[in-house]
Amino acid sequence: FINPKISFAGFKIPHYFNIPFKLGLDLQGGTHLLYQADLSQIQTVDYNSSMQGLRDVIERRVNLFGVREPVVQVEQNTHRLSVDLAGVKDVNQAIQMIGQTPFLQFEEPKENYQAILDNNQKVVESATGTLENPFQVTTLTGQYLQKADVVFDQTTYKPQISLQFNDEGAKIFEDLTGKNVGKPLAIFIDDVLLSAPVVQEKISGGKAQITGNFTADEAKKLAQNLNAGALPVPIKLISQQTVGPTLGTDSLSASLKAGLIGFLAIILFMIIFYRLPGLLASIALLLYVAFVLALFKPLVTLSLAGIAGFILSIGMAVDANVLIFARMREELSWGKTFNLAVEEGFKRAWPSIRDGNLTTLVVAVFMFFYGTSFVKGFALTLSIGVLVSMFSAITVTKGLLKLFIGTKLEKIKQLWR
């Protein structure tokens, strides 16, 4: 779409539609990687948390690599991890970065911890010099951590992170906390700081809790990341597929051409068979397409499967209008007034429209939560399209029809039957 910029009081404001669509791997080009996770050393009950933690770690690595809109998804049944790198240039470097095993490290403050903090503050304020890490490595790493769980304080009901170390890790942790009471103990994964809780007392027994102002989601994500570092999940690259930008451009062009032809065919069908109501439905359909595309920009990364879902939803939007107009024709043939025929047509068609769309939504929801990345894209665009089509058919089309109530055109039967 080519859209003009809005001018207001001498200032040019970029129009919303100037924002580009987010294109997926199959349209923009890039690389699709498929990894197999080795969970042989992981207990069955920890499969899900280990895979989700691994996904978070890899997604963070891909983001640091600079890939825009990466798609990292877990296939639970096969314990596989799919990674879509749209527009990536250095595939080998990306593969090398992704394939590293997550590394969890506990670090304690250096002897001159406070002095380093003060100096770092000066560096930030003056924008000159380099920052120094105020923490130093210890022997406590993820290999000693057995498990991290989300628990809730029985008094405040705030979420906390519960840590359980093995016997050797418990001894190291006891010594570490004993000499750092009142000081922060930093937790890093892949050299990225996750948390730096302050040690309240010497902790024995290998059990500890991280407290703070966590939300439930933040606590869950932190526990997953800790488990990913504590329970390294080896992954093996089993498939690599490269999509060239030329192929992606050709696919996009062919998809848009097919969609446009189908759209025009639908409009032609509606006008020929339903005359003026068909024309009004076509106008409502144009508004529907514009609204759905506006929703896609912030919510959806478009793929070929996603475009297919969108085109299918257009057909379902028309299906609702067909049901409404068929009911209207029946009401008019029984001698009812135009106003009453419109009201009764929508009222009688609504149960069929509702049931048909809801069953489609149920299927789309299952496809989204249990399907692969391409299936998810199809399900998401289809769901958005179906929801908007229900609004379009019931509200927009009905509003346009009501504009003719009380006019001379409502009395011309040939326009409505």
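The model is predicted, so local features need pLDDT of at least 70 and side-chain atom pairs count only at pLDDT 80 or more, while totals for chains, interfaces and linings use all residues. Numbering starts from 1 along each chain as its sequence is written, and side-chain values use heavy atoms, with hydrogens and water left out.

**The two sheets**

A word on terms before the table. Helices (H or I, at least four residues) and strands (E, at least two) are DSSP runs, numbered from the N terminus. Two strands pair if DSSP finds at least two bridges between them. Axes are lines fitted to C-alpha atoms, for helices over the stretch in contact, and angles run from 0 to 180 degrees between N-to-C directions.

| Open sheet, strand order | Pairing |
|---|---|
| β5-β6-β4-β14, 4 strands | antiparallel |
| β8-β7-β11-β12, 4 strands | antiparallel |

Take β5-β6-β4-β14. Its edges are β5 (71–75) and β14 (235–243); each has a single partner strand, so one side of each has no neighbour in the sheet. From one strand to the next, the twist averages 15°. Strand β5 is held against β6 (residues 80–86) by 5 bridges, in the antiparallel sense, and Q73 has S82 of β6 as its bridge partner.

Strand β6 also contains A86. Is A86 buried or exposed? A86 counts as buried because its relative accessibility is 9%, where buried means under 20% relative accessible area, exposed over 50% and partly exposed in between (1.4 Å probe, protein chains only). A86 and V71 are 15 residues apart in sequence, and their C-alpha atoms are 8.5 Å apart in space.

Now for β8-β7-β11-β12. Here β8 (135–141) and β12 (192–195) are the edge strands, each pairing on one side only. Neighbouring strands are turned by 40° against each other on average, direction ignored. Helix α5 (residues 167–178) packs on this sheet and touches β7 (104–109) and β8, its direction making about 150° with that of β8; contact means heavy atoms within 4.5 Å. Strands β11 (residues 186–189) and β12 run antiparallel and share 3 bridges, with I189 opposite V192 in β12.

**The helix pair**

How do helices α8 (residues 304–333) and α9 (residues 338–370) pack? Their angle is about 145° and their axes are 7 Å apart. Their contact has 12 nonpolar, 5 polar and 4 charged residues. For those classes, Ala, Val, Leu, Ile, Met, Phe, Trp, Tyr, Cys and Pro count as nonpolar, Asp, Glu, Lys and Arg as charged, and the others, Gly among them, as polar.
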